[in-house]
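Subject: Structure handover

Dear colleague,

I am passing on the structure below, and I would be grateful if you could look through it before reading my notes. The notes that follow say what was found in it.

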Amino acid sequence: MNSAELQKLFSKNLKNARNRLHFSQMKLAEKSDLSVGYICDLESGRRWGTPETFSKLADALNINPFELLLPADENIQTFAEIGRKRKMFAKLNDSLCNSVTAAITKTMADAFSDENF
């Protein structure tokens, strides 16, 4: 991949990440402490970001900086996506544990109530 292709990929990924969060360029600029014009230049491929810029953008977009350079491949899961899935499964697990515990407690209470003896 040459540098022009890499810059195009970066621009596309930046715009996609921003749109995924429903951020305007202005909102991303505010969250990343960058100017709207600079965000526009980055997304249009007129400018490249510095490592500090990548870091600011990634923090504002809640992703890792390298994700701005990943090729679009549906088989690639970003660390942010994996993290979100882990949180979702942890919540589901907690909910199921609470439901099962409540059901067992109720069943035990019903089984050993004074009415049953």
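To begin with the cysteines, C40 is partly exposed at a relative accessible area of 29%, and C97 is likewise partly exposed, at 39%, where partly exposed lies between buried, under 20% relative accessible area, and exposed, over 50% (1.4 Å probe, protein chains only). The count of disulfides, each being a pair of cysteine sulfur atoms within 2.5 Å, comes to zero.

Please bear in mind that this is a predicted model, in which local features need pLDDT of at least 70 and side-chain atom pairs count only at pLDDT 80 or more, while totals for chains, interfaces and linings use all residues. Residues are numbered from 1 along each chain as its sequence is written, and side-chain values use heavy atoms, with hydrogens and water left out.

As for the fold, the chain has five helices and zero strands, helices being DSSP runs of H or I with at least four residues and strands runs of E with at least two, numbered from the N terminus. Of the 117 residues in the chain, 26% are buried.

The search of the whole structure finds four salt bridges, a salt bridge being a side-chain nitrogen of Lys or Arg within 4 Å of a carboxyl oxygen of Asp or Glu. Among them is the pair D41 and R46, at 2.9 Å from N to O, in which D41 is buried at 18% relative accessibility, whereas R46 is exposed at 55%. Another joins E52 to K56 at 3.7 Å, and these two are four residues apart in helix α4 (residues 51–61), so they are separated by about one helical turn. In helix α5, D110 and K106 are also four residues apart, and their closest N and O atoms lie 2.9 Å apart in a salt bridge.

Two surface patches deserve a look, patches being made of residues with over 30% relative accessible area and no salt bridge, with like charges joined within 9 Å and nonpolar side chains (Val, Leu, Ile, Met, Phe, Trp, Tyr) within 5 Å. R20, R84, K87 and K91 form a positive patch, to which helix α5 (residues 79–111) gives the most, with three residues; K91 is exposed at 63%. The nonpolar patch consists of M88, F89, L92 and L96, which together have about 420 Å² of accessible area, and F89, placed in helix α5, is exposed at 51%.

With best wishes

Note on methods
Accessible areas come from the Shrake-Rupley method with a 1.4 Å probe; for residues, only the protein chains shown count as cover. Lys and Arg count as positive and Asp and Glu as negative; His and the chain ends are not counted. The place of a charge is taken as NZ of Lys, CZ of Arg, CG of Asp or CD of Glu.
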